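Me: I would like to learn how to read the features of a model such as this one. Please give the general idea each time, then the case at hand.

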Amino acid sequence: MAATAADPEAPLSPGELLLKGEAEKPENELEEEDNGDNELDETLSERLWGLTEMFPERVCSTAGATFDLSLFMAQKMYRFSRAVLWVGITSFMILVLPVVFETERLQMEQQHHLQ
């Protein structure tokens with residue numbers, strides 16, 4: 001007995017299965033798949049700017065002020081740490097290194113006298 005297209009129990013080929021699956025999809029799912037190619041390309045900054053519209057103005061201004069304050073504090077801490085590092089290193093070189101060199105020289109003299 002040969003399988004015909006009218007026979008619902010007959011095995012289907014892979015191509016027929018794909019077509020059958022497409023026909024069984026609801027119409028709105030097919031439209032959603034087609035619309036996926038028509039989306040506009042947005043940059044990340046455009047998407048983030050669009051997200052700001054969903055928050056109240058008070059939240060946006062508070063977040064902006066917090067960001068500005070944290071950036072300002074980071075810059076101040078960076079400048080302060082540079083100044084502290086400069087003072088620390090130059091003080092060490094001026095105050096401590098001569099003492100270290102002098103003690104090393106005295107130890108060398110003592111070793112020379114012992115020999």
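Reply: Start with helices: helices (H or I, at least four residues) and strands (E, at least two) are DSSP runs, numbered from the N terminus. By that rule, E102 lies in helix 4. This is a predicted model, in which local features need pLDDT of at least 70 and side-chain atom pairs count only at pLDDT 80 or more, while totals for chains, interfaces and linings use all residues. Residues are numbered from 1 along each chain as its sequence is written, and side-chain values use heavy atoms, with hydrogens and water left out.

Me: How many helices and strands does the chain have, and which pattern does it follow?

Reply: The chain has four helices and zero strands. Along the sequence the pattern reads α-α-α-α.

Me: What share of the 115 residues is buried?

Reply: Buried means under 20% relative accessible area, exposed over 50%, and partly exposed in between (1.4 Å probe, protein chains only). Here buried residues make up 1% of the 115 residues in the chain. Accessible areas come from the Shrake-Rupley method with a 1.4 Å probe, and for residues only the protein chains shown count as cover. The chain exposes about 11200 Å², of which carbon and sulfur atoms supply 64%.

Me: What is a salt bridge, and how many does a search of the whole structure find?

Reply: Side chains of opposite charge can pair when their charged atoms come close. The criterion is a side-chain nitrogen of Lys or Arg within 4 Å of a carboxyl oxygen of Asp or Glu. The search finds three salt bridges in the whole structure. One of them joins R47 and E42, with 3.4 Å from N to O. R47 is partly exposed at a relative accessible area of 47%, and E42 is also partly exposed, at 46%.

Me: Which residues are linked in a network of salt bridges?

Reply: The network links E102, R105 and E109. R105 meets E102 at 2.3 Å, N to O, and the closest N and O atoms of R105 and E109 are 2.6 Å apart. R105 and E102 both lie in helix 4 (residues 57-114), three residues apart, about one turn of the helix. R105 and E109 are four residues apart in helix 4, again about one turn.

Me: What span should helix 4 have, and how far apart are its end C-alpha atoms?

Reply: The expected span of a helix is 1.5 Å times one less than its number of residues. The 58 residues of helix 4 should therefore span 86 Å, and the end C-alpha atoms are 82 Å apart, which agrees.

Me: Where does the kink in helix 4 lie?

Reply: The bend at a residue is the angle between axes fitted to the seven residues ending there and the seven starting there. In helix 4 a kink of about 35° lies at V96, shortly before the proline P98. V96 is partly exposed, at 35% relative accessibility.

Me: Which residues form the nonpolar patch on the surface?

Reply: Patches are made of residues with over 30% relative accessible area and no salt bridge; like charges are joined within 9 Å, nonpolar side chains (Val, Leu, Ile, Met, Phe, Trp, Tyr) within 5 Å. The patch consists of L85, I89, F92, M93, I94, L95, V96, V100 and F101, with about 910 Å² of accessible area together.
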